[in-house]
Amino acid sequence: LVLDASTFQLVDGGPKIRRSYLDWGVFHVEPSFVLSWRKLMRCLTHRNLLLKQRAGNHEELSAWTTEFCVCASEVDAYRQAYLEKLLPYFLRVLRNLIPGMSEELELVYQRGWEANLELVEVLRGSFDADRKYGATQFGPHRAEIAIRHNGVKAAELLSRGQAKLLVIALKISQGQLLAEVSGHQCTYLVDDLAAELDAKNRAAVLSLLVEQKSQLFLTAVNKEDILEGIDCSLLPATFHVERGTIST
């Protein structure tokens with residue numbers, strides 16, 4: 001699991017980023033998920049190709065649509081089940097990093113089509129738009145995790161420091177769930193932890209990471225940014241890189 005400047009995109013990036021985050025977790029916790037996901041992508045590819053052929057075979061399109069809906073239900077069920085398992089871990093970590101926020105923040109799974117409708121009905125209603133754009137407008141490939149604070153998008157309200165702690169909570173909770181379910185520990189790669197975080201928050205994050213008892217790599221411009229506020233004996237090996245030369 002990587003924690004660097006790009007992980008901010010979990011909060012302020014597009015749905016694809018959060019969908020990838022979700023699928024990474026499902027893949028490692030539910031091994032059979034990948035088979036359903038691959039079948040879904042295959043159906044989606046064939047359906048989109050047929051949509052682009054304006055005079056395409058309607059029977060073939062109908063067949064791929066039916067199979068797409070079957071695979072969509074499987075993928076959707078895996079994702080929902082995973083997020084339900086993840087939430088308690090996430091809220092516990094968040095309480096440690098940002099006390100009080102866990103009561104105001106919510107992760108809302110949006111499956112890619114209206115919750116109260118069957119996908120086959122939605123696709124039937126969106127057929128003209130699908131044909132116009134040559135692409136399937138609804139389905140699990142449009143899924144999303146909405147991150148809201150007091151009902152408002154978290155990206156619009158949180159400071160950069162709070163957003164970073166939120167992202168860290170999302171990542172650490174994924175590692176905790178994986179360890180609990182599979183018995184396998186993640187390797188954490190953390191770059192420039194000091195950016196956006198003061199010494200107190202850095203110490204809180206480092207303590208949580210050390211508690212995972214996982215392999216941990218930390219990189220920083222200043223070594224003090226890592227060592228300040230944490231027992232140095234917990235970080236047994238340090239390396240200094242200068243002009244391409246590595247020293248211990």
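Helix H2 covers residues 15-29, and at 1.5 Å a residue its 15 residues should span 21 Å; the end C-alpha atoms are 21 Å apart, which agrees. The expected span is 1.5 Å times one less than the number of residues, and helices (H or I, at least four residues) and strands (E, at least two) are DSSP runs numbered from the N terminus. The model is a predicted one, in which local features need pLDDT of at least 70, side-chain atom pairs count only at pLDDT 80 or more, and totals for chains, interfaces and linings use all residues. Residues are numbered from 1 along each chain as its sequence is written, and side-chain values use heavy atoms, with hydrogens and water left out.

Within H2, the residues Arg18, Arg19, Tyr21, Leu22, Asp23, Gly25, Val26 and Val29 are buried (under 20% relative accessible area, 1.4 Å probe, protein chains only). Their packing partners include helix H1 (9-12), helix H4 (58-97) and strand E3 (144-149), where contact means heavy atoms within 4.5 Å.

A cavity is a set of points on a 1 Å grid over the protein atoms alone where a 1.4 Å probe fits but cannot get out, and lining residues have an atom within 4 Å of a point. The second largest cavity has a volume of about 30 Å³. Arg18 and Tyr21 are among its lining residues, as are Ile145 and Ile147. H2 and E3 are the elements that give two or more residues to this lining.

The largest cavity holds about 40 Å³ of space. Its lining includes Lys164, Ile168, Val190 and Asp191, and the elements giving two or more residues to it are H8 and strand E5 (187-191).

Conventions:
Buried means under 20% relative accessible area, exposed over 50%, partly exposed in between (1.4 Å probe, protein chains only). On a 1 Å grid over the protein atoms alone, a cavity is a set of points where a 1.4 Å probe fits but cannot get out, and a pocket is an open set with protein on both sides within 12 Å along at least five of seven lines; lining residues have an atom within 4 Å of a point. Grid points are joined across faces, edges and corners, and a volume is the space filled by probe spheres set on the points.
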